[in-house]
Amino acid sequence: MLGNVTCTCEAEGCDRPLDDESLMIAMRTDAGERRAYECGCGAVTVTVVRP
Ligand SMILES: [Zn+2]
């Protein structure tokens, strides 16, 4: 993770940017904040945001 990069959908051939337009679910854990983005294609990509 290189900090505040824009992430994209991990589904092969999709590459849609995951941003405010994507459905985002945030979960706080001891390791930081995990964000699960649900893309319009149905794939879910999880990222970890360090505190
Ligand atoms: Zn997608």
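Student: What makes Glu 33 count as buried?

Tutor: Residues counts as buried when the relative accessible area is under 20%, as exposed when over 50% and as partly exposed in between, with a 1.4 Å probe and protein chains only. Glu 33 has a relative accessible area of 11%, and therefore it is buried. This is a predicted model in which local features need pLDDT of at least 70 and side-chain atom pairs count only at pLDDT 80 or more, while totals for chains, interfaces and linings use all residues. Residues are numbered from 1 along each chain as its sequence is written, and side-chain values use heavy atoms, with hydrogens and water left out.

Student: Where is Glu 33 found, and which residue is its bridge partner in β5?

Tutor: Glu 33 is found in strand β4, and its bridge partner in β5 is Val 49. Strands here are DSSP runs of E with at least two residues, helices are runs of H or I with at least four, and both are numbered from the N terminus.

Student: Which residues does Glu 33 touch, leaving out those up to four places away in sequence?

Tutor: Contact means heavy atoms within 4.5 Å, and on that basis Glu 33 touches Ala 26, Met 27, Arg 28, Thr 47, Val 48 and Val 49.

Student: With which side chains does the side chain of Glu 33 make a polar contact, and how do you know that they qualify?

Tutor: A polar contact is a pair of N or O atoms within 3.5 Å, where within protein one must be able to donate a hydrogen and the other to accept it, and where residues adjacent in sequence count only if both atoms are side-chain atoms. The side chain of Glu 33 makes such a contact with the side chain of Arg 28 at 3.1 Å, and another with the side chain of Arg 35 at 2.7 Å.

Student: Why does Thr 47 count as buried?

Tutor: The relative accessibility of Thr 47 is 11%, so Thr 47 counts as buried. Its place is in strand β5, residues 44-49, and, not counting residues up to four places away in sequence, Thr 47 touches Cys 7, Glu 33, Arg 34, Arg 35 and Tyr 37.

Student: How many bridges join β4 to β5, and how many pair β3 with β4?

Tutor: Two strands pair if DSSP finds at least two bridges between them. Six bridges join β4 to β5, which run antiparallel, and β3 and β4 pair in the antiparallel sense over seven bridges. β3 and β4 form a hairpin with two residues between them, and Thr 29 has Gly 32 as its bridge partner in β4.

Student: What is the order of the strands in the open sheet, and which are the edge strands?

Tutor: The open sheet of three strands has the order β3-β4-β5 with antiparallel pairing. Its edge strands are β3 (23-29) and β5, each of which pairs on one side only. The protein chain has five strands and zero helices.

Student: Which residues coordinate the zinc ion, and how do you know that their atoms are donors?

Tutor: Donors are N, O and S atoms within 2.8 Å of the metal (3.2 Å for Na, K and Ca), and water is not among the atoms, so sites may look incomplete. The SG atoms of Cys 9, Cys 14, Cys 39 and Cys 41 coordinate the zinc ion at 2.2 to 2.4 Å.

Student: Why is the arrangement around the zinc ion called tetrahedral?

Tutor: Four donors count as tetrahedral if all angles lie between 85 and 135 degrees; four count as square planar and six as octahedral if opposite donors are over 155 degrees apart and all others between 65 and 115, and anything else is irregular. The four donor atoms around the zinc ion subtend angles of 105 to 116°, and the arrangement is therefore tetrahedral.

Student: Is Cys 41 buried, exposed or partly exposed, and which of these is Asp 15?

Tutor: Cys 41 has a relative accessibility of 39%, so Cys 41 counts as partly exposed. Asp 15 has a relative accessible area of 54% and is therefore exposed. The place of Asp 15 is in the loop between β1 and β2, and its phi is near 60°, a positive value in a residue other than glycine.
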